[in-house]
Amino acid sequence: DKYGFELKSVSGSPMSLMTTEPDFGFRHDNGVKAFLQKYGWKSSTNSGKVVFYGKHSVLQENKKSKLRLVLDNWDPVQNLPIGSGDPNLLLIDRKDRIAAGWSFGHLSSSWSHKHGGAMFVQTKCSIIRDFRTYTFGPVVWSGIGTDSIMLLKQISLGNLYIDPGDSMYGNSSPHPRTQWRISIGRGAKGDWSRTLAPFYFALSKHRI
């Protein structure tokens, strides 16, 4: 972060916006290890590794985990809160048990703190003589101002989703990675303007 701006490198799609962990539900109450033991599965490339990954959105159940994302107390038609309770986000299993939950206050605080101002910098990685090198630019997108309802609207539309990368070897400490991601729209050809604009009051594109 720099000068109050969240700095994000943009090298391709999808792109991670934040890594906010849940604040209630099974994962929060019992820990990541117990969560992986209950909802994870053995890695296809390493039998000693348990993993939990894949796109989880409000649009459909994830076929691997059998979990689905639900936005509680939300009208999907009007794409607004219904006013009968907080619009909490729930990751639930087929028995409607909450595997992980993000309260409205927790998610809002994390989003507003990180993305009140954000800079997305075009990045390219190259391998030169066995060394990894990075170049930045020439395009930068800057987002100014946001609120939690803008965030939830994009979750409700399926544009923002959870794409975790949790893993654990044997009985070792787990490596949690709850990634909240977005994907660039079709035909965008590397221009994130249309994808990022709904998250901010003002979005501008610059060349550096």
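Me: How far apart are F35 and Y39, in terms of helical turns, in helix α2 (residues 32–39)?
Reply: This is a predicted model, in which local features need pLDDT of at least 70 and side-chain atom pairs count only at pLDDT 80 or more, while totals for chains, interfaces and linings use all residues. Residues are numbered from 1 along each chain as its sequence is written, and side-chain values use heavy atoms, with hydrogens and water left out. Helices here are DSSP runs of H or I with at least four residues, and strands are runs of E with at least two, numbered from the N terminus. Because F35 and Y39 lie 4 residues apart in helix α2, their separation is about one helical turn.

Me: Is F35 buried or exposed?
Reply: Buried means under 20% relative accessible area, exposed over 50%, and partly exposed in between, using a 1.4 Å probe and protein chains only. The relative accessibility of F35 is 1%, so F35 counts as buried.

Me: Which class of aromatic pair do F35 and Y39 form?
Reply: Rings of Phe, Tyr and Trp (its six-membered ring) pair if their centres lie within 6.5 Å, and planes under 30 degrees apart count as stacked, over 60 as edge-to-face and the rest as tilted. A search of the whole structure finds 9 aromatic pairs. For F35 and Y39, the centres are 5.4 Å apart with 45 degrees between the planes, and the pair is tilted.

Me: Is Y39 buried or exposed?
Reply: Y39 has a relative accessibility of 9%. At that value Y39 therefore counts as buried.

Me: Which residue has the backbone oxygen that the side chain of H115 reaches?
Reply: H115 belongs to helix α3 (residues 104–115), and, not counting residues up to four places away in sequence, H115 touches E6, L17, F120, T146 and Y200, where contact means heavy atoms within 4.5 Å. At 2.9 Å from the side chain of H115 is the backbone oxygen of L17.

Definitions and conventions. A polar contact is a pair of N or O atoms within 3.5 Å; within protein, one must be able to donate a hydrogen and the other to accept it, and residues adjacent in sequence count only if both atoms are side-chain atoms.
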